[in-house]
Structures are given as C-alpha cells and as structure tokens.
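Please keep the sequence and the coordinates at hand while reading.

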Amino acid sequence: MSATLSPARSAPGPSPDAAPLIRMAGVGKTYHAAGGATVRALDGVDLDIADGAFVSVVGPSGCGKSTLLRMLAGLDRCEEGSLRLGGRDVRGPSGEVGVVFQAANLLPWMTVRENIRLPLRVGGRHAPAEARIDALLEVTGLADFGARYPYELSGGMQQRAGICRALVRDPRILLMDEPFGALDALTRERMNAELQRIWQTSGKTVLLITHSISEAIFLADQVVVMSPRPGRVLRVLEVPIPRPRSFDSIVSHPAYAGLAREIRALLTEPGDAP
Amino acid sequence: MSATALPAARTRRTELPSGIIAGGGLIVLLGLWEAAVHLWHLPGYILPDPAAVWRALWSGIAVSPASPLGWYRPLWGTFRNAALGFFIGSAVGLAAGSAMAESRTVERLLMPYAFALQCLPKVAIAPLIVIWFGFGDGSKIAIAALLALFPVMINSFTGLRAVEPERIDLMRALSASRIETYRLVKLPNAAPYIFAGLDMAVVYALLGTIVAEFLGAQEGMGVVITQAESVTDVAGVFAALIILGALGMALHGLVRALERRVVHWADRGKH
Ligand SMILES: Nc1ncnc2c1ncn2[C@@H]1O[C@H](COP(=O)(O)OP(=O)(O)OP(=O)(O)O)[C@@H](O)[C@H]1O
Ligand SMILES: [Mg+2]
C-alpha cells in the first residue's frame, strides 16, 4: 500500500525562479543573562530557502542554530533583522510550520496515535484527519503501534512518531533540530533514508539542524555552514548528487568526499587546534 | 516461585515472601504483648491482653450493621465525613494550586498565607471551626477539608510548575491556548505530584474528622474512643484504633490503586 501524504512531486528540489519561501536578512540575537552579561548568539544571518528545498544547517556547538530555528518556529521573537516566511514577517507560531524536537518530545500519557493527533486538537479548529494519521503511521512503519504508549517504543520509533506529529497539520515547512542525534548510527541512516522518502513524496520545505556532516550531505540540496558564536552564515554549499540517494551510492559519488572535506575545513577553520 | 529449583537458583539467597515476614512479626509482637501483660501483672485498664482486644473487636463485628453497639455505624459516619472533607479539600486545593501555578499575581497573593498556614498545626484551629460549624457533621467535614487542602494545593502547584520547557514549547509551537496547555500537558504532567498530595490528604482527612469528633459529636469512631476511654475500656480503645488503622490503610490503598490506573505511564515515560 502506498500512502500519499500530499501532491507527489515528480522532480524534487527547488524551482530556481520562485521567490524564496523563507528569507532571513540580517537576523541577529543577543541573549541577556541574569547578571547583566550578554551573549551574542547570532549576528547578521542572511539566508534564503526556496520552496520545496531540503536545507541542512551545520555549525559549531553554541553558534545559534537552535536559536535560529526557534525564531523560525515563532517560539522566540526576532528583534533584529527580518525573518520572512512566505512573504510575511514571522510574528509567532503558525500552522505553516511543523517542528520536530530533539528528543522526540512525545507526551508519555498519550498513545502514539493521540500524540500524533495532538496538533489537530489544539490551536483552533482543524478538520479531523484520521485517514491522514493512518497514512502517516503507514509511511513511517508505525501502523501497528498507534495504540501503544511512547515508553513501549524504541528511540527511533519515537522520533518517527514525532515526525508524524509535525506533519499531521500538513505544514509547508518542517523544522528539525538534531532529530536523530540520540540514535545509533545504523538506525540514524535508516531514519535519514525514510526522511528523504517522506520529503520526496510530500513536497515540504525542510530545514534540518545536524552535527553529522554525512547526514547533512545525504539529505540536503544545500548545506549551510555557520561560524562559531556569534553565528553567521559562512558558506552555502550545493549538493549536486542526484536523488534518490542511498548511503552506499553517496559515499562513492565523486562530489561527496570534496564536500565533506570542505565542510569539515570550514567548521574547524579559525585557530581551533587542540 | 517455582517448586523445581534450578541448580543456578540454589546459589541465590532465598527470600521469604513479605507476607510471611509481616505475619511472623505480628505473631512475635502478640507473643511479647501477652508475655508483658502476664509478667508484670498489668491490669486491663493499663494494657489489656490481646485476647481481650480481640473480644472487643469481635463484639463490634458480629452484630447487625444497624446496631448502635457495632463498628458499622460509627465507622460509616467517620468515613462519610472524612470522604466528603477529602473531596472538598482536594478540589479546593487543586483549584488554588492551579491558580497559583498559572498566575504569578495569585501566587504572590496566596503563597504567604499558604506558607503561614502550612507551618501552623492546623488541628489547633479545630475548636474555632467547631464554634463556627457546630457539633454536627459540618465541623467534621470542614476540618477534614482544611487538613486535606494543603498537601493537594502545594503538590499540584509544584507539579504544574515542574513541566519540562520542551513540552511547553511544543504546545506554543502548535498555538495551543492556555486552557489546552493546562489540560493536555500541565495537568497530566502534574498527576504524579497531585496523587502524592492526595495520598497525604486522605490520611489527614481521617485525622481531622477524628479530632473534630473528639471535640464533640453524636456518632463516629472518635466518639467510640472517647466513650470507651471514659469507662476505662482500654480494650475497646485498642479495638477502635485497629479499625481506624484498617480504614486508613484501605483509603490509602484506594488512592494508590487509582494512581496506578491514571499515572500508568510514570517512571517509564522517559527514555
Ligand atoms: N535562553 C537563553 N538564555 C541565554 N543564553 C542562551 C539562551 N539560549 C541560548 N543561549 C546561548 O546562545 C548561544 C546559542 O545557543 P543555541 O542553543 O542556539 O546553540 P546551538 O547552535 O543550537 O548549539 P548546539 O549545537 O550545541 O545545540 C549559546 O551560547 C547559548 O549559551
Ligand atoms: Mg541546538
């Protein structure tokens, strides 16, 4: 059975002439700590993300990746620069954005199905979408686990349920903050492959924050490399590897090694000798 | 336990079931008690022997439920007032704890009083409440409710505030309203705390009811105890205490059983 989530896309990837779906211009962020100390987390971030693109963001720890994602999700206010989503300033959380949290963040008192249904029960009226939930469970291989509780699921399954929950409102944009960081390498690769498939069939725009260079390349149309704090965009690298990709084929692709080396070099750039 | 022990199991230390340990302890206790009574020739109005207590206990059990001489009527009276007080106190406690957790203003308004009252031995207020509510059921329920209120209020406040920020972020990202966040995230999240409060509250409600009955009542286990005491029927006092202990344990067990049903996910929810 093939469950379709949204109009399937024949040719994934950004269409070059369209206006960007997400536009960041001069985005900055300074945290004010309790003792009057300030932390400059982001500084002049410029980034355009095309509709339907898959963009990975890598950067040193503490460079403001989560901060940027929280602002896009409408959880933190953007007070410096402009952050536009579909041509409109981000003023708060919107139904256009689905967020996948780092540690699946499922509610333990709800079954998997109830967790996935949660976005439809809150924040205004939503059409019931049991068929859609079924399709999501099917696509993510959780069809037999809808009635289970999160503690009965493995970490990878929990994360898949988290992805279903982020997709159930059919948002245009999916924001993911290190969603697979806690998984073992093999499960992680399998989840990457699944995410690629979900993305290809759903036509969403995905922004994925990750610490894994191979994951970033495997999934993305573009890899955004950020500088150490205060975070800025160092480089946006195109990934010219055709889809669908597999981990076996990608490492042998001529562009892969060069890309990985370039990203690693950018990340360890200024005087980072141990 | 399996009857056919495996070779590997033999090396393990055998553990007696807790029922056997507790039962053995009881037999030893009763034996010491009996021995003490006979050794020191203690009169029945100081320490009755176990047999006398058993007779007093049984004489109240082996009667019709409607008999004024049995345990049933006073027990029912005490139970009913304690239960009513427990429900009222818990409901008010949950409401006040929720209001404090949701609003900093309410928190600043109520917290000083809550803290002051928490430090006050609340049974000391009992005589005042008897003056206001009279010697009827009202004062029993009021004191039980007052004692039940605080643990539920403090625990629900703590539990509602203890919710992980990631779960609040989730609800905010979904544009959930405050009520939705409270109902679907904060309240379930606080459930283990609230149940710990209810567990205390049920015992306190019983305590409050008995104290109120000591101060004056027509019927109830507190009345049974004061009446037995007035005729130095110490065996009767012991029997009443055993009944009360059993009631307290039953109520405690009821709350725990409810907790296991409602909060079945706790302790297993985190991976
Ligand atoms: N609420 C906050 N208050 C004060 N400082 C904060 C806050 N949140 C983040 N910061 C600071 O801002 C900087 C960027 O944090 P952020 O979480 O965005 O980094 P990150 O790139 O996601 O790091 P990591 O890869 O480790 O997750 C850090 O130095 C952090 O200490
Ligand atoms: Mg982060």
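A:Arg243 is buried, with a relative accessible area of 19%. That value falls under the 20% cut-off below which a residue counts as buried. The model is a predicted one, and the values discussed here are computed from it. A:Asp221 is likewise buried, at a relative accessible area of 9%. These two residues form a salt bridge in which the closest N and O atoms are 2.9 Å apart.

A search of the whole structure gives 27 salt bridges over all chains. Two further examples come from chain B. In one of them, the side chains of B:Arg178 and B:Glu102 meet, with an N to O distance of 3.4 Å. This pair links distant parts of the chain: B:Arg178 belongs to helix H9 of chain B and B:Glu102 to helix H4 (residues 72-102), and the two are 76 residues apart. B:Arg178 is exposed, with a relative accessible area of 56%, whereas B:Glu102 is partly exposed, at 21%.

The other example lies within one helix. The side chains of B:Arg256 and B:Glu259 form a salt bridge of 3.5 Å, N to O. Both residues are in helix H11 (residues 234-262) of chain B, and because they are 3 residues apart there, about one helical turn separates them. B:Arg256 counts as partly exposed, with 36% relative accessibility. Back in chain A, salt bridges that share partners join A:Asp51, A:Arg88, A:Glu96 and A:Arg172 into one network.

How is chain A divided into domains? Domain 1 of chain A is made of two segments, 22-96 and 173-268, and domain 2 of chain A covers 109-170. In the contact between them, domain 1 of chain A takes part with 12 residues and domain 2 of chain A with 11 residues. The C-alpha centres of the two domains lie 24 Å apart. About 990 Å² is buried between domain 1 and domain 2 of chain A, and carbon and sulfur atoms give 70% of that area.

Polar and charged pairs also occur across this domain interface. The rule finds 2 salt bridges between domain 1 and domain 2 of chain A, and 3 residue pairs in polar contact. On the side of domain 1 of chain A that touches domain 2, strand S7 (173-177) and helix H5 (185-202) of chain A are the elements that give two or more residues. Helix H5 of chain A gives the most to that side, with 5 residues. Sorted by class, the side of domain 1 of chain A that touches domain 2 has 7 nonpolar, 2 polar and 3 charged residues. A salt bridge in chain A also joins the side chains of A:Asp170 and A:Lys204, with N and O 2.3 Å apart.

The remaining interface is the one between the chains. How many residues does each chain bring to the contact? Chain B brings 21 residues and chain A brings 25 residues. The area buried between chain B and chain A is about 2,100 Å², and 63% of it comes from carbon and sulfur atoms. In chain B, the residues that lose the most area to chain A are B:Leu170, B:Leu174 and B:Leu184, which together account for 26% of what that side buries.

The count of salt bridges between chain B and chain A is 1. B:Asp169 forms a salt bridge with A:Arg70, and the closest N and O atoms of this pair are 2.7 Å apart. Across the interface of chain B and chain A there are also 6 residue pairs in polar contact. Helix H8 (165-173) and helix H9 (178-215) of chain B each supply at least two residues of the side of chain B that touches chain A. Helix H8 of chain B gives the most to that side, with 7 residues. By class, the side of chain B that touches chain A has 9 nonpolar, 5 polar and 7 charged residues.

Notes:
Residues are numbered from 1 along each chain as its sequence is written. Chains are lettered from A and ligands numbered from 1 in the order in which they are written. This is a predicted model: local features need pLDDT of at least 70, side-chain atom pairs count only at pLDDT 80 or more; totals for chains, interfaces and linings use all residues. Side-chain values use heavy atoms; hydrogens and water are left out. Domain bounds come from an automatic or database domain assignment. Contact means heavy atoms within 4.5 Å. Buried area is the accessible area (1.4 Å probe) that two parts lose on being put together, summed over both. A salt bridge is a side-chain nitrogen of Lys or Arg within 4 Å of a carboxyl oxygen of Asp or Glu. A polar contact is a pair of N or O atoms within 3.5 Å; within protein, one must be able to donate a hydrogen and the other to accept it, and residues adjacent in sequence count only if both atoms are side-chain atoms. Helices (H or I, at least four residues) and strands (E, at least two) are DSSP runs, numbered from the N terminus. Ala, Val, Leu, Ile, Met, Phe, Trp, Tyr, Cys and Pro count as nonpolar, Asp, Glu, Lys and Arg as charged, and the others, Gly among them, as polar. Buried means under 20% relative accessible area, exposed over 50%, partly exposed in between (1.4 Å probe, protein chains only).
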